[in-house]
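Thanks for coming. I will go through a few places in this model, one at a time, and you can follow along on the screen.

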Amino acid sequence: MDARVASICCRSLSCCASHQPVQLLWLSSEEHFRSRNLNSLLVCKGRSIHSPLYRKSFQHLLFARYSSEFQPNAASSKRRGRGPAMLAMKGDREKEKEGGQYKATVDLPQTSFSLRANSVVREPEIQSLWEANKVLERVSEKNDGSTFILHDGPPYANGDLHIGHALNKILKDFINRFQLLQGRKVVFVPGWDCHGLPIELKVLQSMEPEARKELTPIKLRKKAAQFALKTVEQQCRSFKRYGVWADWSKPYLTLNPEYEAAQIGVFGQMVLKGHIYRGKKPVHWSPSSRTALAEAELEYPDGHTSRSIYSAFKIVHVGDNFPESLKNFVPALGVAIWTTTPWTIPANTAVSVNDNLQYAVVQVHHPSQTSLAEDGSSKVGTRTKKIGNGLHNPDLQYLVVALDLVEVLESKWNVKLEIKGTLPGSALEHCRYVHPLFQRESPIVIGGKYITTESGTGLVHTAPGHGQEDFVTGQKYDLPMLSPVDDEGNFTEDAGDFKGLSVLSEGNVAVVEALDKASHLLMEEPYAHKYPYDWRTKKPTIFRATEQWFASVEGFKEAALSAIANVEWFPPQGENRITAMVSGRSDWCISRQRTWGVPIPVFYNIKNGEPLMNPKTISHVQEIIRQKGSDAWWYMGVEDLLPEDYKQEAEHYVKGSDTMDVWFDSGSSWAAVLGTRKHLKSPADVYLEGSDQHRGWFQSSLLTSVAVQGSAPYKKVLTHGFVLDEKGLKMSKSNNNGIDPKVVIEGGKNQKEAPGYGADVLRLWVASVDYTGDVLIGEHILRQMSDIYRKLRGTLRFLLSNLHDFKPESDTVNYERLPMIDKYALFQLANVLDDIRESYECYHFYKFYQLIQRFAVVDLSNFYFDTAKDRLYVGGTKSFTRRSCQTVLVAHLLCVVRAIAPVLPHMAEDVWQHLPFTHFLKDGSRCHHVFEAGWPQTDAHWKSLSKDDVEYWRTLLQIRTEANKILEAARGGKLIGASLDAKVFLSTTNEALLARLAQHTTEDPDRLCRIFITSQAEVLASVNEATSLDVKYTGTSTLEGLGDLWIGVSKADGSKCERCWNYSVKVGSFENHPTLCERCQGVIRHGAGLGAKCETAVVAV
């Protein structure tokens, strides 16, 4: 078999994996190439590797000594070739004996740490190790730093976890584990939101219709609690499998009595401070759920289209400010309004105008029929509009519209609107019109800035019972608040002939038809816009005035805005977002008409409906709930629920049936958890949730905390975006593009199509993305993460395997004695550790990902490891150069493994359990687990390199890159095979650099030939001398600020050393070892393990 093919093939990180301590590996060709999926990319003498002729040649590949299994990066080994320790068996055992007599003197890498993670099996073992040894508790207790509190936002206990949950909890775990390594005490209490409609619906959906009829409130609550607790248990197992550390034995659940009691306490404090009141106001109402909703319980999906109408109401009386010149139009004058909710017309009690706008009285000239169908419809693009009978109504020949909209309305209505006069909006105030369907008179009033000329007519149909702005205007003018709609979204008897019709379907149509029949419909057309939907049922909601309990945000809004300004928001735009939301909020509807939740502790007088709720009654109910749970509200009588002072009046009261908004539940966690648990306190150091929580948990927590204790419950708030698929599409069941974190970790039914990557690969993905915006995930991305994970694992394996015989206490070389290349490696390590620490501290985990990837692949694998292999393997077991290298490797191992631990804890612990030496803590005790070791502290000497030295080494690496280009050209021209076959010539026009380079030609391992991985390197006194040499392969380049560089490559001088494969003119000079170079002869002469047994291990990949 062609040796070059073997070399190329055996360079991959994932080629080989063994659990054997001695790494000499047999591998079958079919298994090898199937695992690498190379197909027919590699050819040998023009034939496919998969051809029968060459399959047989691969049956006995022996990877020894320089096995690529210990090369963390593929590209670096390309220049070395097969190396002296890679002997391909060709069936001729005699040849192997001739070339392999010194193989036992080579210091082979040895470790039981496998390149193949086997994460599906190994990670649970590591988690069991942590749990059995209580590592989190021990480390946190032993740490002497301050307590770090990341307060967990409770996920909803109503189903399986999705990839967004994984992103959230893993980000939190990064932060907590880093703080542990910083020496702080970490108490992370996970939580679950257990009340509310979604769970209630899940229970109802699981029951037969007949069984539902027998369902009492207390039975429903018990079933809901059982469902929530079962879900919590399932989700808990999943979170633990992600590698998330937390106090899983004592989570907080919003259904626990102590939590519910604390929530009642928060509510009571807000009552005491005057922030809670009961009133009839329009709120978001879900007919599908039959309950009020908070803004955070709404979503605004794309694709909603409403039936919008233009209608005219006839003016029957004008106000005192109405212009005299326009009064003669009144007998046939109307006001034109526009609405996207025709079903609210029966509740109309006013028309609002903007007193800062100019309005016009226009005469309607009947439309030309040439562009209309027989039914008065016409097409505008792909939308159909219908002209109503109102445009032909003789009682509405004249209309009032905004002056700026006259031309727009002419086009829409397909009419000519002749302006008869203008007037300011203020002149329309106190005019009166008659309702087009119910013949009641209503006023024209001055509304607010919400009335504009961006759409509609400039006049707004006002129904205070069905809109927040309408309600405010109604309060100003004491307008009637009509809301003829029941809990199911059907018209009540107050709506007359529309009674029983659904306002969102046939009722809406009926109102439009009635307006047209009465000749008050001007036009109807579809209108696409954002419309609120119930986030649970995915069905449209309505605004509806009902008796509800509210928290008056106005009472503490300024304090809330001040608290927001004192919080650190990451990313910074989060502050603007929540500030705008709180600024625009006046009330918070906190009551819900559901059974599964925490009751609002109020009693109502049977005769007059007046509520009874004061500090005594609230405190009494709070104590009952603390002892018995909130179920007590449903199964205990009024007499038992009332305090002693009120028991004699119990027969005059009934208990309320409303429950609290679930956002009030979770928004009270700062009191129920931070305010009650040992070692916890408010404010927490960090809250971290999705960006949608600015209107959810972040806001509800802020409002309750400010209302009660006058400050925010958090010091810092971090937000992350949503998870999309690889194409940037939202994940959904309909798109069939969801990513199940369980499948990512453990694999799917078809392991080939959906392999199990393990939790650390999932965690690495979390670290790789900029979570402050939406992030992408998919199979291609996960494969990429898996490849990076293997490279990192390979890097750590290289470190472990080359320290098998190193004893830090006796073999460590003092910093002052280290060669320059080793000092530079430590300088790089110290700096990358500083950068990684900063990335953790600033929550820029994607920077950690970039830093560690570059450091492991470029700085270590492609440079330091590549140059180190020579002295590690053939430099002599106890030689100074090998021990100095091992000193540096130990430093890298102990630092890197701890630096990656917050993100890749399983890999880090796996490495720690395979340390070939014992690591001791400062107090002299043995460090059994990686998190006991703390964050790596670098030696001050490591950064002591002078600025000139640092710049020189950076220049030297540039020269190495340029030399590699010429070496590759020489290899392509068949002058050399491996880079050890070559000699490199250097020269530069910069005299200072030239002198510095000349110093590298004498001492190992700083010799240029070791850095270039060639047999020789010669620095020439001048470029002129260099160009006069008869060297076939040369090249020139310019070093920025340092002048010109000339590089030449020729065949190395002398003969090839059988042991190290370096060329030397001394080969053949030693009588006892004629095939060795001077270095190897010295190593053998001083006894470098000659005659030691070298074992082989057979593995299958």
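Before the first strand, one term: two strands pair if DSSP finds at least two bridges between them. Strands themselves are DSSP runs of E with at least two residues, helices are runs of H or I with at least four, and both are numbered from the N terminus. This is a predicted model, so local features need pLDDT of at least 70 and side-chain atom pairs count only at pLDDT 80 or more, while totals for chains, interfaces and linings use all residues. Residues are numbered from 1 along each chain as its sequence is written, and side-chain values use heavy atoms, with hydrogens and water left out.

Start with strand E38, residues 982-988. E38 pairs with strand E39 (residues 1016-1019) in the parallel sense, over four bridges. There, Lys-983 has Gln-1016 of E39 as its bridge partner. E38 also pairs with strand E41, residues 1043-1051, but in the antiparallel sense and over seven bridges. In that pairing Thr-988 is opposite Leu-1045 of E41.

Is E38 buried or exposed? Seven of its seven residues are buried, where buried means under 20% relative accessible area, exposed over 50%, and partly exposed in between, with a 1.4 Å probe and protein chains only. Ala-982, Val-984, Leu-986 and Thr-988 point one way, Lys-983, Phe-985 and Ser-987 point the other way, and all are buried.

Three strands make an open sheet in the order E31-E30-E32, with antiparallel pairing. Strands E31 (611-612) and E32 (653-655) are at the edges with a single partner strand each, so one side of each has no neighbour in the sheet. E30, residues 603-605, pairs with E32 over three bridges, and Tyr-604 has Val-654 in E32 as its bridge partner.

Now a helix. H11 covers residues 217-241, 25 residues in total, and runs 36 Å from its first C-alpha to its last. That is close to the expected 36 Å, the expected span being 1.5 Å times one less than the number of residues. Among the buried residues of H11 are Leu-220, Ala-224, Ala-228, Thr-231 and Gln-235. An α-helix has 3.6 residues a turn, so residues three or four places apart point the same way. Just after H11, Gly-243 has a positive phi of about 85 degrees.

On to the cavities. How many cavities of 30 Å³ or more does a search of the whole structure find? The search finds seven. A cavity here is a set of points, on a 1 Å grid over the protein atoms alone, where a 1.4 Å probe fits but cannot get out, and lining residues have an atom within 4 Å of a point. Points are joined across faces, edges and corners, and a volume is the space filled by probe spheres set on them.

The largest cavity holds about 90 Å³. It has 15 lining residues, and those closest to its centre are Gly-196, Leu-197, Arg-592, Arg-594 and Val-662. Strand E11 gives the largest share of that lining, three residues.

The second largest cavity has about 70 Å³. Helix H23, residues 697-709, contributes most to its lining, with three residues. Trp-588, Asp-661 and Trp-663 are among the residues that line this second cavity.

Conventions
1 Å grid on protein atoms, 1.4 Å probe; cavity = no way out; pocket = protein on both sides within 12 Å on 5 of 7 lines; lining within 4 Å.
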